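Subject: Structure for you to look at

Hi,

Here is the structure I promised to pass on. Please open it first, then read my notes below with the view beside you.

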Amino acid sequence: MGVYDFEHAIDIAWCPGCGNFRILKSVKDALEELELDPRIVVFVSGIGQAAKTPQYMDVHYFNGLHGRTLPAATAIKASNRGLTVIAESGDGDMYGEGGNHFMHAIRRNPDITNIVHNNMVYALTKGQASPTTRQGFVTPVQTQGVTEEPFNPIAVAIALDASFVARAFAGDARQTTDIIKKAVTHKGYALVDIFQPCVTYNKVNTYAWFKENTYYLDDTYDPSDREAAFRKATEPGRFPLGVIYLNRNKSVFEETLIAYRHDDRPLYQRTVDMGVLKDLVDSMRT
Amino acid sequence: MSIVFSGQAGQGLQTLEAILTRMFKRSGYNVFSYSEYMSRIRGGNNSTQVRISSRRVFCYTRRIDIFVPLHQDAMERFHDRITPETVILGERSFIDKRYLDGHHPVLEVPINDLAREAGGPVYANTIVLGILAGLFYVDKGLMDDEIRMILSGLGEERLQKNLAAAATGYERSKGLLKPGQASVSIERTDEVKHEILTDGINVVGLGGLAGGCTFVSAYPMSPSTGVLVFFTKKAEGSGVVVEQAEDEISAINMAIGSWYAGGRGLVTTSGGGYALMVEALSLAGCIESPLVIHLGQRPGPATGLPTRTEQADLNFALYSGHGEFPRVILAPGTHEQGFSLMRHAFYLADKYQVPVFVLTDQYFLERRYNIPDINLDTVYDQRFVIKTDRDYRRYALTGSGVSPRGIPGFGEGRVRVDSDEHTEDGFITESFSVRTDMVNKRLRKLDGLRKEAIAPELFGPGDYRNLVVCWGSSLHAVQEGLDMLGRADDTAILHFSQVYPLHPSASDFLEKAHRKIIVESNATSQFARLIRSETGIVFDDKILKFSGLPLMPEDICESLSDMLEKKETTHGRV
């Protein structure tokens, strides 16, 4: 039993065979292998089946609103830079309801890991289309099949010059663990989009489908070439897996904050500076 | 003495206001100023009122003693405020013909020509500045100091031209007033010279700092943006994290995230922005996060009047957010309360783990006047965060409803917060009994909050017959209006700076009154309705203003005069 496991049995709300079980294991394995102290690891999630993941680990968590994971995660990291912050939710949460925050979190580049369970369907609300649902997919709402282009988070993240962009497949536990480890140790915003089969509401994009429609980038691939990465992200056919884009030269949000220029302490250790207050009041006298 | 200058956006009225008020205060006059302006960057018609007095002045008045038009359209909106006693000062071509009949007091100064000589039309307001400084016996050296102080960013050449333009105006002021025209014998006092001159934005910001605020996230929206700017300017010295978020939804989720991690978060917004924050207000209610919301009201609905004032978001602050959870709404009426209530908001939010609103408005935030001091002795620096142990439970059930609040990274325990209904450990639950316990726990906090509620403040005779009730920024207009009316013998004022939950003394004060009159800057007497729902007490009369302009003493005086002279049986009830 690892430090992220509970001593007692827990009741997990996912369907038997759900890809989330594998992601949960990969996440826990990654943290164990990195020997991260659970006292400083904070998970932030929204709403959806994926957003329940932190409930099943012995960690701190902030399970907030649907789509609002990234603002909360950004602020948590900015308030205590000693914490390891992982924002974890599903494709609907991150790319649909939270699309604006996804874009601006990439621009801010806080040192957080963003794990997105991408099952191409809304599972908690019983099978409607998600932003990443493939065209033609029939649902109780999209009865004629989805007509919109699926959202391409990898291409969008590269277009926004995200500092770390990766894709994994839940079916491959070892590779997924390794990718998550790279993301967590990366300094800056790190996106890990994980293909996750939904055994109940997505009978099209199954374990077998993802296996057939993905391949791993090999050692010759250079993730620092943005144009090549964009081509990889948009090429037709099978989806590449691994670290697709990497830019280590970006400034990190919480390190640019003026509030830390003269004071390294996390916010909870700070007290009111009477001298500053007094000077401010006096400045209003003249 | 009420001076109003009127011109277009972009003509430098704000600079004029800043220099004049500082200069007059440093000369020993009590000052007040407020600008009413259109939501545009150039053109239109804006005006600024500067009042100077031997006694303290706190509010905008209809009365104008000196009117200075700075543009040909500058008088159009003011005919109903210009009386036969109003002196019109300035450029002849800017003065409406009806006042040039020889019967109206006019002080002509060829401002356009003087400005041209000084270097161009942009110097017109500096010439006016010099004239007003001269008329009110401001020391010329002091005037020059203030010009240097405010205009130092312009570069040496333009600064010198401004100083020269002001000197020209100063010279012109001599002998300008004929005997009998606008008395300028206002007594000055040395104490005033060293007092604090500021606007509501600064006192709110200062109160936040004194309350231990360490995190501010906001999306710009008039009239609340000034508070964001205040913290941005002070970030380096005070160590406050300040972030302009991509939208108000992000701003409030950031502030809540910051509290979770040990920060002390503030959002500052106005009604439309707050509308986007409402889901997260409910989140704060569910996860029992402290949160301070500065809500600077402006007239709605929707975009409404972006640069004007109103007190119409009380209901919104009170009833927003799905589900049931406690909250506090504070509404400062004075600069001193702007400071002390912002500080108090952080104390209450932290202690009770609830959202606390500081409800101001455009008028409160942008009016400027001098006050003797800001009391820093009571700076709040009490922390309620605990170091957790291994079996920490974030939502442990307690008698007060308040569970000790831990944060991640401080102690051995795990801090789990969940927007789903949750167990004492913070795990999702669908247990009906846990649900019932948690709702009761959250609502129990209202008992403590009621005990700590701020009592309404009574002004006037204790044995009043008539009671005029107001809240928030309306206080000073009601005070000055009642002074004008001269009913200090039987009429008192009851001002609420905490509008929810109400202090228990509210009913006692109200029940004693024979006649109860509510004053609010809204159309539906929202506070009267709140008092009625909380106490069952009904008002006899109401004075409501919702034009977008602030309540003025004249509004109060005239309405009260009508009401109190009428037969008391004929009044409608609110």
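**A parallel pair in chain B**

Start with strand 22 (residues 515-520) and strand 23 (residues 541-544) of chain B: they run parallel, and four bridges join them. Look for Ile518(B). Its bridge partner in strand 23 of chain B is Lys542(B). Helix 17 (residues 526-535) of chain B belongs with these strands. Strand 22, helix 17 and strand 23 of chain B together make a β-α-β unit, and the unit is right-handed.

Keep in mind that this is a predicted model.

**Chain B as a whole**

Now zoom out. Chain B has 18 helices and 23 strands. Along the principal axes, the C-alpha trace of chain B spans about 85 × 65 × 40 Å. Of the 574 residues of chain B, 54% count as buried. Take the contacts in chain B with a separation of 6 or more: 75% of them are between residues 24 or more positions apart.

**Domains of chain B**

How is chain B divided? The domain assignment gives domain 1 (2-194), domain 2 (199-371), domain 3 (385-451) and domain 4 (457-570). The centres of domain 1 and domain 2 of chain B, taken over C-alpha atoms, are 34 Å apart. These two domains touch: 15 residues of domain 1 of chain B are in contact with eight residues of domain 2 of chain B.

Which elements of domain 1 of chain B supply at least two residues each to the side that touches domain 2 of chain B? They are helix 1 (13-26) and strand 2 (30-36) of chain B. Strand 2 of chain B gives the most to that side, with six residues. By type, that side of domain 1 of chain B divides into nine nonpolar residues, five polar and one charged.

**Chain A**

Chain A has 10 helices and eight strands. Its radius of gyration is 20 Å, close to the 19 Å from the globule rule for 286 residues, so chain A is as compact as a globular protein of that length. Its C-alpha atoms fill a box of roughly 70 × 50 × 40 Å along the principal axes. Of the 286 residues of chain A, 50% count as buried. Among contacts in chain A between residues at least 6 apart in sequence, 71% join residues at least 24 apart.

**Where the chains meet**

How many residues of chain B are in contact with chain A? There are 57, and they meet 47 residues of chain A. Several elements of chain B give two or more residues to this side, including strand 7 (196-199), helix 7 (200-210), helix 10 (271-287) and strand 16 (405-411). The largest share of the side of chain B that touches chain A comes from helix 9 of chain B, with eight residues. The residues on that side of chain B divide into 28 nonpolar, 17 polar and 12 charged.

Strands also pair across the two chains. Strand 2 (residues 60-63) of chain A pairs with strand 17 of chain B, in the parallel sense, over three bridges. To find the spot, go to Asn63(A).

Best wishes

Terms used. Residues are numbered from 1 along each chain as its sequence is written. Chains are lettered from A and ligands numbered from 1 in the order in which they are written. This is a predicted model: local features need pLDDT of at least 70, side-chain atom pairs count only at pLDDT 80 or more; totals for chains, interfaces and linings use all residues. Two residues are in contact if their C-beta atoms, placed from the backbone, lie within 7 Å. Ala, Val, Leu, Ile, Met, Phe, Trp, Tyr, Cys and Pro count as nonpolar, Asp, Glu, Lys and Arg as charged, and the others, Gly among them, as polar. Two strands pair if DSSP finds at least two bridges between them. A crossover is right-handed if, with the strands pointing away from the viewer, the path from the first strand over the helix to the second runs clockwise. The radius of gyration is taken over C-alpha atoms; the globule rule is 2.2 Å times the number of residues to the power 0.38. A residue is buried if 20 or more other C-beta atoms lie within 10 Å of its own, exposed if 12 or fewer, and partly exposed in between; C-beta atoms are placed from the backbone. Domain bounds come from an automatic or database domain assignment.
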